[in-house]
Amino acid sequence: MKMMKYLAMAAAALLFAGGPGRAEMLQIKGSDTLINLVQRLSEAYMQKNPGQKIAVTGGGSGTGIAALVNGKCDIANASRLMKKNEVAQAGAAGIDPVQVVVAVDGLSLIVNANNGVDGLTMDQIGKIYRGEVKNWSQVGGRDMPITLYGRQSNSGTYDFMMEVVLKGDYSPKMNQMNGNAQIVAAIKNDPSGIGYVGVSYVKDASGIKVLKVAQNVNAVYASPLNIDEVNSGVYPVSRPLNQYLSADASQAVRDFIAFELSPEGQRIVEEEGFFALPQAYKDYNKKSGF
Amino acid sequence: MIKNRREFYQKLGFALLRLSLGMVILILVIIFIDIISKGSGIISWKFLTQAPREGMTEGGIFPAIVGTFYVTLITAFVAVPLGMGCAIYLNEYAYAGKLTRIIRMAIRNLSGVPSIVYGLFGVALFVEMLNFGTGILAAGLTLGLMTLPWTITASEEALKSVPKSYREGSLALGATKWQAIRTNVLPYAVPGMLTGTILGLSRAAGETAPILFTGAAFFLPDLPKSLSDQFMALPYHLYIMATQHHDIEGVRPIAYGTALVLIVFVFLMNLTGVIVRYRLRKAKKE
Amino acid sequence: MHKHKIKEKVIYCFFLFNGLVVILALIGIFILLLKNALPAFKDIKVGEFLFSANWNPTSYYKEVYGILAMVVSTFIVTLGALVIAVPLGIGTAAYLSDVASPRVREIAKPVVEMLAGIPSVVIGFLGIVLVGPMVAKLTGAYNGLNALNGSVLLAVMALPTIISLSEDALVSVPKSFHEASLALGANRWQTLIFVRIPAASSGILAACMLGMGRAIGETMTVLMATGNAPAMPESFTDSIRTMTATIAIELGEVAYNTTHYYALFVIGLVLFIITFIINMVADIVLENYKKKTSY
């Protein structure tokens with residue numbers, strides 16, 4: 001019985017120790033592509049502003065947006081734009097979402113280092129992931145079946161590939177990995193594999209090859225590792241990485257986002273392997289008030 | 001000749017059976033060797049007492065240990081008293097009738113419900129319907145419910161270890177049923193009930209699926225301060241370190257270290273339970 | 001005296017309530033699953049849900065909700081697990097009950113209990129770092145995240161259940177069977193194979209069924225170690241996605257109270273019903289077995 005008493009006391013302590021501390025904590029949730037970057041940004045921000053606490057959690061873009069809609073977080077990380085039905089849900093919940101672009105990602109297509117193929121067109125990638133092209137020999141490689149690696153449907157990267165490159169459904173044979181890094185790890189071991197990951201995951205990775213991608217057969221084959229090609233749009237699979245906040249967000253939320261967009265924040269963006277914002281996106285953010 | 005053949009078959013058969021046991025032991029040994037050899041290198045005081053840093057590539061797992069501890073505490077709050085109450089009812093009050101049969105059937109079925117279904121239930125009831133949000137409370141309650149069948153079984157075992165004569169003696173002296181239970185059964189059974197239930201709690205501490213959607217967090221800068229806060233947990237931390245971190249191969253040592261700490265955490269709880277149960281059984285025999 | 005009686009009654013009711021909580025919990029789980037599952041069928045045809053092998057709630061074209069492929073995947077990975085765990089489990093149980101010295105038994109019991117105590121996420125982790133690469137090497141595949149990998153891991157998780165319950169069944173076979181058989185000139189091996197195991201067969205069957213229930217409901221292990229490709233599997237080296245993994249992957253992303261959200265509860269309901277049936281049947285088998293051996 002004594003033990004029960006201790007348990008009760010401990011729980012009571014847990015219950016009441018909280019109090020007002022909670023409201024000060026900023027909750028950021030969403031895309032796995034963004035999580036490491038935003039966590040770094042928040043670590044740097046918290047060092048500068050010791051009073052501010054920020055919690056960053058993952059789960060995928062859809063998770064973050066759902067949480068914003070359900071009022072469970074302050075900022076949603078999203079590696080895609082909000083979908084129509086999500087905007088409608090937000091409206092129904094009385095939330096007016098504001099989009100801010102915090103970084104640019106060159107979505108990279110990767111294969112095993114021993115794969116003979118160096119570049120693909122958007123059309124070829126689409127056919128491969130839709131399951132229409134099943135052998136590397138059909139796209140100029142060795143005679144070897146293609147093994148598909150991709151993300152799970154809660155990832156913005158999954159959506160982005162589907163909307164921009166596939167324009168159709170993924171082959172159901174695609175291995176759906178839990179995260180970007182798991183795809184990189186799988187491709188290292190699988191000579192027949194192809195995968196797509198955020199550019200920050202391939203910068204220092206060994207054992208893999210980053211494919212050059214061309215808009216069509218007549219266009220230039222460009223690399224996501226080349227900042228000029230990404231910013232000029234020659235590299236066709238680059239995308240803005242977004243954060244969504246509510247229009248009536250607190251000053252604390254706005255201050256953090258301002259930090260992310262500042263030169264200091266953008267330097268961290270580059271350190272983490274993404275691309276700093278080009279002028280076009282900076283202007284775009286101005287319209288949202290940043 | 002025939003006798004020899006029979007002997008041969010028996011030898012062969014028994015050898016195969018022995019091999020089965022050998023395989024089972026081997027599996028456990030391989031698991032332990034792999035995790036201990038690759039996980040112990042990173043274990044240090046710092047690893048146990050520091051928060052993750054530098055995008056979880058450095059630092060320790062302190063918040064995950066604390067989170068698991070808190071959640072297990074809430075789990076205990078639900079599962080221990082309810083489990084004890086149910087066990088007292090079954091062992092002391094219930095008659096062998098239809099109701100008792102249904103209760104026992106329900107207990108067995110509850111223990112067979114998949115953990116992810118408990119997760120769904122937790123989302124539907126605690127997070128959504130009762131609006132607790134995702135946090136320690138919702139996760140702890142979900143795990144508590146899941147643990148209930150185990151704590152009931154453990155508590156009943158402790159009650160059964162109290163000799164019938166203790167109750168009868170007290171009743172014969174004119175005590176009421178509750179008085180007999182309170183003075184002559186519980187004092188002997190409660191320590192065993194509590195520690196026996198630790199076995200069940202140890203399993204809850206290692207569960208991941210029920211807390212995936214009821215409150216476990218990828219990374220939090222601070223320890224949880226209230227019951228409605230999200231938390232980091234050892235099993236969930238291992239899951240993300242193994243599959244979702246941006247550099248899963250780089251953080252493999254941390255993942256192994258987390259696995260080792262989780263196993264030690266679970267087995268320390270387990271060990272307490274087993275030792276106490278062993279003593280109880282011995283006491284009963286005497 | 002009267003006051004005493006009321007107090008006793010109140011205390012009785014309190015404990016009765018505690019007993020009823022388990023029934024309430026079970027019914028509560030069922031009702032909540034049902035309540036959140038039924039709205040799914042406003043948008044999904046029942047026939048399509050059960051018999052379509054195509055599950056794609058985020059399709060480019062039109063969302064499809066068919067659970068056939070994941071049901072088949074769940075059963076394939078479970079079947080594989082049973083093929084490994086049943087012989088190994090029964091063999092171990094028979095060794096412990098019929099052959100082993102008391103000292104070996106003293107060592108083996110904690111081993112089985114420790115195996116049962118290893119969290120599933122740890123087993124899943126080992127599936128990625130240890131078993132998966134071995135499976136890949138053995139099968140010549142590039143990637144070990146497939147059904148076979150899942151089966152091996154689930155076998156490890158089902159083993160403790162099968163071993164301890166089978167052993168219980170064997171131990172409770174009446175001594176007279178054993179003695180009669182030996183008296184007729186059979187040796188211990190013949191007695192075990194032709195008398196004791198058949199006599200305990202329903203108990204062993206129940207043990208295997210409960211092990212199967214455990215494997216079907218297991219989430220983290222398969223989520224981490226089977227690759228999660230939603231296609232209908234054709235062989236054990238195919239990557240698969242089970243019912244449990246689908247819930248784990250997708251519940252985090254859905255906006256609450258959408259068709260997709262409800263559809264995940266339908267999967268949960270199907271899982272609940274499958275495991276419920278398995279448990280009930282195992283229960284009945286076990287009940288009968290106990291009656292049979294209690295003379």
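Predicted model: local features only at pLDDT ≥ 70, side-chain atom pairs only at ≥ 80, totals over all residues.
A word on the ground rules. Local features need pLDDT of at least 70 and side-chain atom pairs count only at pLDDT 80 or more, while totals for chains, interfaces and linings use all residues. Residues are numbered from 1 along each chain as its sequence is written, with chains lettered from A and ligands numbered from 1 in the order in which they are written.

**The sheet in chain A**

Let's start with an open sheet of five strands in chain A, ordered S8-S7-S9-S5-S10 with mixed pairing. Helices (H or I, at least four residues) and strands (E, at least two) are DSSP runs, numbered from the N terminus, and two strands pair if DSSP finds at least two bridges between them. At the edges sit S8 and S10 of chain A, each pairing on one side only. On average, neighbouring strands here are turned by 30° against each other, direction ignored. Helix H7 of chain A packs on this sheet, touching S5, S7, S8, S9 and S10, and its direction makes about 155° with that of S9(A). For such angles, axes are lines fitted to C-alpha atoms (for helices over the stretch in contact), and angles run from 0 to 180 degrees between N-to-C directions.

Two bridges join S7 and S9 of chain A, which run parallel; A:Thr147 stands opposite A:Gly193 in S9(A).

| Element (chain A) | Residues |
|---|---|
| Strand S7 | 147-151 |
| Strand S8 | 175-177 |
| Strand S9 | 193-197 |
| Strand S10 | 208-210 |
| Helix H7 | 180-189 |

**The core**

A nonpolar core is a set of buried Ala, Val, Leu, Ile, Met, Phe, Trp, Tyr and Cys residues joined through C-beta atoms within 7 Å. The largest one has 283 residues, and those with the most contacts inside it include A:Val184, B:Ala259 and C:Phe125. Helix H3 (residues 62-93) of chain B gives the most to it, with 16 residues.

**One residue up close**

Is B:Thr197 buried or exposed? B:Thr197 is buried, because 27 other C-beta atoms lie within 10 Å; the cut-off for buried is 20 or more, with C-beta atoms placed from the backbone. B:Thr197 belongs to helix H8 (residues 177-205) of chain B. Among the residues B:Thr197 touches, not counting those up to four places away in sequence, are B:Ala79 and B:Thr151; contact means C-beta atoms, placed from the backbone, within 7 Å.

**Where chains B and C meet**

This contact takes 63 residues from chain C and 71 residues from chain B. On the chain C side, helix H1 (residues 2-37) gives the largest share, 17 residues.

Technical notes: Contact = placed C-beta atoms within 7 Å. Buried ≥ 20, exposed ≤ 12 C-beta atoms within 10 Å, placed from the backbone.
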